[in-house]
Amino acid sequence: MGMESERRKDFDAVYKKYRNQIFQTALMNIRNPDDAEDIAQEALMRYYIHRAHSEVENPKSWLLVTAKNLAYNHVKRIKRERLLHEDEDIESMLGREPDPEDIFFENMWKKEVLEYTDKILAAVLERNKKWYDVLIYAHGMEMPRQELADSMDTTVDALASMLQRARNWIRENYRDEFDHITRA
């Protein structure tokens with residue numbers, strides 16, 4: 001049996017064992033079954049992808065924290081979208097339409113950001129796996145710092161120091177890419 005087959009078999013076991021708990025966690029946070037189902041699937045997909053690069057000691061905790069964070073981000077996004085929709089209504093009342101050229105360049109910008117981010121994260125993973133994990137959890141999954149420090153069995157100050165060292169290394173080695181990504 002191949003490595004991929006074993007990985008898939010392990011994932012299937014985790015999926016069957018924790019899928020309902022992940023769904024319930026998401027549902028408790030957002031109270032919408034359809035969105036909770038999407039969040040559960042997203043958490044499981046992220047787990048599957050993460051397992052390709054790293055070992056997860058406690059899949060249940062990893063999945064439940066991820067589902068909780070995804071639900072939290074979903075609620076924040078909905079609140080932000082409601083505010084944006086109110087602004088869009090004003091814009092449409094004023095007769096303003098989005099410029100196709102602006103949309104094109106915004107899509108190109110997003111593509112460049114994704115490419116640079118992938119390049120930087122791959123280099124960070126090669127340089128220091130702990131830095132990679134901290135960056136993914138702190139920024140990619142927006143895990144609260146105290147929760148992340150607890151899960152890594154370290155202090156918030158030590159975690160902040162690790163994040164700072166990782167950021168400094170990125171700035172030193174990928175200054176152009178970093179500046180391009182962070183311009184807003």
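Predicted model: local features only at pLDDT ≥ 70, side-chain atom pairs only at ≥ 80, totals over all residues.

Author: Leaving aside residues up to four places away in sequence, Ile22 touches Ala40, Ala43, Leu44, Leu63, Leu64 and Ala67. Ile22 belongs to the largest nonpolar core, a set of 41 residues. Along with Leu63, Val124 and Ile170, Ile22 is listed there among the residues with the most contacts inside the core. At least two core residues come from each of the helices H1 (3–30), H2 (33–51), H3 (59–93), H4 (100–127), H5 (129–140), H6 (145–151) and H7 (156–173). In soluble globular proteins, nonpolar side chains tend to be buried together.

The largest pocket holds about 1,100 Å³. Its lining comprises 26 residues, of which Thr117, Leu121, Ile136, His139 and Gly140 are the closest to the centre. H2, H4, H5, H7 and helix H8 (175–182) each contribute at least two lining residues, and H4 gives the largest share, with nine. By class, this lining is made up of 16 nonpolar, six polar and four charged residues.

The second largest pocket holds about 540 Å³. Among its 18 lining residues, Glu57, Trp62, Tyr137, Ser151 and Met152 lie closest to the centre. H3, H5 and H6 each supply at least two residues of this lining, with the largest share, four residues, coming from H5. The classes here are seven nonpolar, five polar and six charged residues.

Notes: Residues numbered from 1 in each chain as written. Heavy atoms only, no water. Core = buried A, V, L, I, M, F, W, Y, C linked by side-chain atoms within 4.5 Å. Buried < 20%, exposed > 50% of the residue type's maximum accessible area, 1.4 Å probe, protein only. Contact = heavy atoms within 4.5 Å. 1 Å grid on protein atoms, 1.4 Å probe; cavity = no way out; pocket = protein on both sides within 12 Å on 5 of 7 lines; lining within 4 Å. Points joined across faces, edges and corners; volume = space filled by probe spheres on them. Nonpolar A, V, L, I, M, F, W, Y, C, P; charged D, E, K, R; others polar.
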